[in-house]
Amino acid sequence: IDELIEELEKTEYSSSAWLKIAKDLKEKVEHHLEEEEHAIFQMAGKVLSDSQKNALAKDYSKYMQGNR
């Protein structure tokens, strides 16, 4: 990811290569986030109580509704 950011910074914004690099970066970041979410949710599922999970879900839903 860091290498793609550096490459993006060195590439002219008007260049077609910039868009390709940006798309590659987006895909890598999204893939990384999916992996992290999976690990975190598995861990949270083991250590949080049902009431804590429900409270987090409600807070998250409220946040997402207000920030779309």
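Modeller: Before we start, one definition: the radius of gyration here is taken over C-alpha atoms, and the globule rule is 2.2 Å times the number of residues to the power 0.38. Also, this is a predicted model.

Biologist: Fine. What radius of gyration does the protein have, and what would a compact globule of 68 residues have?

Modeller: The protein has 18 Å, whereas a compact globule of 68 residues would be near 11 Å. Along its principal axes, the C-alpha trace spans about 50 × 25 × 15 Å.

Biologist: How many helices and strands are there?

Modeller: There are 3 helices and 0 strands. Read from the N terminus, the order is α-α-α.

Biologist: What share of the residues counts as buried?

Modeller: Of the 68 residues, 9% count as buried. The accessible surface comes to about 6300 Å², and carbon and sulfur atoms account for 54% of that.

Biologist: Which residues make up the largest nonpolar core?

Modeller: That core has 5 residues: Leu4, Leu8, Ile21, Ala22 and Leu25. Helix 1 and helix 2 are the elements that give two or more residues to this core, and helix 2 gives the most, with 3 residues. As a general matter, nonpolar side chains tend to be buried together in soluble globular proteins.

Biologist: Take Leu4. What does Leu4 touch, not counting residues up to four places away in sequence?

Modeller: Leu4 touches Ile21, Asp24, Leu25 and Lys28 on that count.

Biologist: On to helix 2. How far does helix 2 reach from its first C-alpha to its last?

Modeller: Helix 2 has 32 residues and reaches 47 Å, close to the 46 Å expected at 1.5 Å a residue. Ile21, Ala22 and Leu25 are buried in helix 2, and the cover over the buried residues of helix 2 includes helix 1.

Biologist: Which residue caps the N-terminal end of helix 2?

Modeller: Ser15 does, with a side-chain oxygen 3.0 Å from the backbone nitrogen of Ala17. Ser15 sits in the loop between helix 1 and helix 2.

Biologist: And why does Ser15 count as partly exposed?

Modeller: Because its relative accessibility is 26%, and partly exposed runs between the 20% limit for buried and the 50% limit for exposed.

Biologist: Where is Thr11 found?

Modeller: Thr11 is in the loop between helix 1 (2-10) and helix 2 (16-47).

Biologist: Is Thr11 buried or exposed?

Modeller: Thr11 counts as buried because its relative accessibility is 19%, and the cut-off for buried is under 20%.

Biologist: What lies 2.7 Å from a polar atom of the Thr11 side chain?

Modeller: The backbone oxygen of Glu7. Leaving aside neighbours within four places in sequence, Thr11 is in contact with Ala17, Trp18 and Ile21. Of these, Ile21 also belongs to the largest nonpolar core.

Biologist: Last one, Asp2. Which element is Asp2 in, and is Asp2 buried or exposed?

Modeller: Asp2 is in helix 1. Asp2 is exposed, with a relative accessible area of 58%.

Biologist: How far apart are Asp2 and Asn54?

Modeller: In sequence, Asp2 and Asn54 are 52 residues apart; in space, C-alpha to C-alpha, they are 36 Å apart.

Definitions and conventions
Residues numbered from 1 in each chain as written. Predicted model: local features only at pLDDT ≥ 70, side-chain atom pairs only at ≥ 80, totals over all residues. Heavy atoms only, no water. Helix = DSSP H or I, 4+ residues; strand = E, 2+ residues; numbered from the N terminus. Buried < 20%, exposed > 50% of the residue type's maximum accessible area, 1.4 Å probe, protein only. Polar contact = N/O pair within 3.5 Å; in protein donor to acceptor, adjacent residues only side chain to side chain. Contact = heavy atoms within 4.5 Å. Core = buried A, V, L, I, M, F, W, Y, C linked by side-chain atoms within 4.5 Å. Areas by Shrake-Rupley, 256 points an atom, 1.4 Å probe, with all protein chains shown as cover. Expected span 1.5 Å × (residues − 1).
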